[in-house]
Amino acid sequence: MEKQIAAKILTDYFKKKTYLNIALNKELNHASLNRQGKNRVTVMVYGTIQNLLFLEYQLHDLIQGKHVKVYERSLLLVSLYEYYYMHVPEYAIADESVKIAKKKGQRTAGFINAVLRHAFKSQKPLPDDDIEKISVETSHPLWMVKMFIKQYGLEETRRICLANLQIPNRTARVNTLKITKEQFLKDYSDFKEGLLSEDAVIYNQGNIAHTEAFKKGFITIQDESSQLPAKFLNPRENSTVLDMCGAPGSKTAHLAALMNNTGHIDVYDLYEHKIELIKKNITRLGVTNTTIHCGDSTLLNEQINKKYDYILLDGPCSGLGVLARKPEIKYHDSRVMDEIIPLQLKLLENAYVLCKNSGSIVYSTCTINKKENEKQIESFLLKHPDMKKKKELTILPYMYHSDGFYVCLLEKE
Ligand SMILES: C[S@@+](CC[C@H](N)C(=O)[O-])C[C@H]1O[C@@H](n2cnc3c(N)ncnc32)[C@H](O)[C@@H]1O
């Protein structure tokens, strides 16, 4: 039952190229499974996509030249995932997969059976070439591995790619508008202290959103590295702040907490449906010093003639720092990733115009692609000599078992 659902979700994902979490939630919402069953489906689906290139490498020779339907491929891939990563016995994998395949006809059942029996007999050795080996072993496309090597070197790339296969910590930020971190850790002893950020707490025992602490607004789900940008900006109480790309509001709420709900934050996001997410979040967290706008922040300098003490630009990016959580990003087209660079630049130019003299801008992304980070800032600084780089930090995903992130604090003279 669980594997059948997992194969269906994967088929949906491969056919429609939808977001994995959307395909998963759509199916799980009406599946008659208990929580354990749903967790198992989630592990199978995410695990298969996380290790897709390795599994396809194993499958490739066994299906070469055959016409394989998308559903059959999905069932084979999830079965191989069970074999290589979940350590399910071979006979159990084959029996269940054949039973599932029989519903599609005897031919499908025979095909699945034959391929799996062959697959279990021998594992195809990894490529000899170092770069190809990282690509197959960690399921990162070759172009991405080459890009990381160019930017970080071979050893660092290996560590990044291996870290992307690990399950990241479940992390939250203590909402200091409602409770201190010390009090929180006393009251909720199943949370432990974070490793990187001052207000971070880790909870590896289940879904944070289901905890009492979350429902009461004492915490909000936020990776440790994503807690750095607001801290870098560190807005004074009673100051004016612009949060240019705000949804779903995690960093807005952090800024408000640092300002102790004083001053004022203008929050923008491009999408109407995401505005609702910001509202929901800040209401739960007791934030009262914001105005939320639906708008395009690349046009703000033409639309408003106000200047701000502090600006947070936590903009759209390729997401190469969050591959452990969103493995499907690995298979996005490399050209699409580069299309985001001019958009980031436009947003930065708007931040520049809207920043007061002596004001500060934080530019942050959840990618580790230097073209979107260090290089972006380098060319921005060349264009604007009155801007100074005060602090810059890249967190790679293996360092703190967190998302990869880039944060840069700039000040205007
Ligand atoms: C990385 S997310 C922001 C996360 C947010 N700062 C937080 O901490 O919760 C980037 C956001 O930028 C928004 N966005 C993309 N292009 C935009 C634009 N031109 N103007 C305003 N928002 C934009 C996206 O809708 C997305 O919500």
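Colleague: At which residues does UniProt place the feature "binding site"?

Modeller: This is a predicted model, where local features need pLDDT of at least 70, side-chain atom pairs count only at pLDDT 80 or more, and totals for chains, interfaces and linings use all residues. Residues are numbered from 1 along each chain as its sequence is written, and side-chain values use heavy atoms, with hydrogens and water left out. UniProt positions are given in this numbering, feature names are shortened, and annotations may be inferred rather than shown by experiment. The unreviewed entry places the feature at Asp269, Asp296 and Asp314.

Colleague: Why do these residues gather at one spot?

Modeller: Asp269, Asp296 and Asp314 carry the annotation. They span 46 residues in sequence. They still gather at one spot, because no two of their C-alpha atoms are more than 13.8 Å apart.

Colleague: Which strand holds Asp269?

Modeller: Strands (E, at least two residues) and helices (H or I, at least four) are DSSP runs, numbered from the N terminus. By that rule, residues 264–269 form a strand, and Asp269 is in it. The strand is S6.

Colleague: Which residue's backbone oxygen lies 2.6 Å from a polar atom of the side chain of Thr262?

Modeller: Thr262 sits in the loop between helix H14 (250–258) and S6. Leaving aside neighbours within four places in sequence, Thr262 is in contact (heavy atoms within 4.5 Å) with Glu237, Asn238 and Asn289. The backbone oxygen at 2.6 Å belongs to Met259.

Colleague: How is the protein chain divided into domains?

Modeller: The bounds come from an automatic or database domain assignment. The domains are domain 1 (1–120), domain 2 (130–164) and domain 3 (227–412).

Colleague: What is the area buried between domain 1 and domain 2?

Modeller: The C-alpha centres of the two domains lie 26 Å apart. Their contact takes six residues from domain 1 and seven residues from domain 2. Buried area is the accessible area (1.4 Å probe) that two parts lose on being put together, summed over both. Carbon and sulfur atoms give 58% of a total of about 480 Å².

Colleague: How many salt bridges does the rule find across the interface of domain 1 and domain 2?

Modeller: The rule asks for a side-chain nitrogen of Lys or Arg within 4 Å of a carboxyl oxygen of Asp or Glu. Across this interface the number found is zero.

Conventions:
A polar contact is a pair of N or O atoms within 3.5 Å; within protein, one must be able to donate a hydrogen and the other to accept it, and residues adjacent in sequence count only if both atoms are side-chain atoms.
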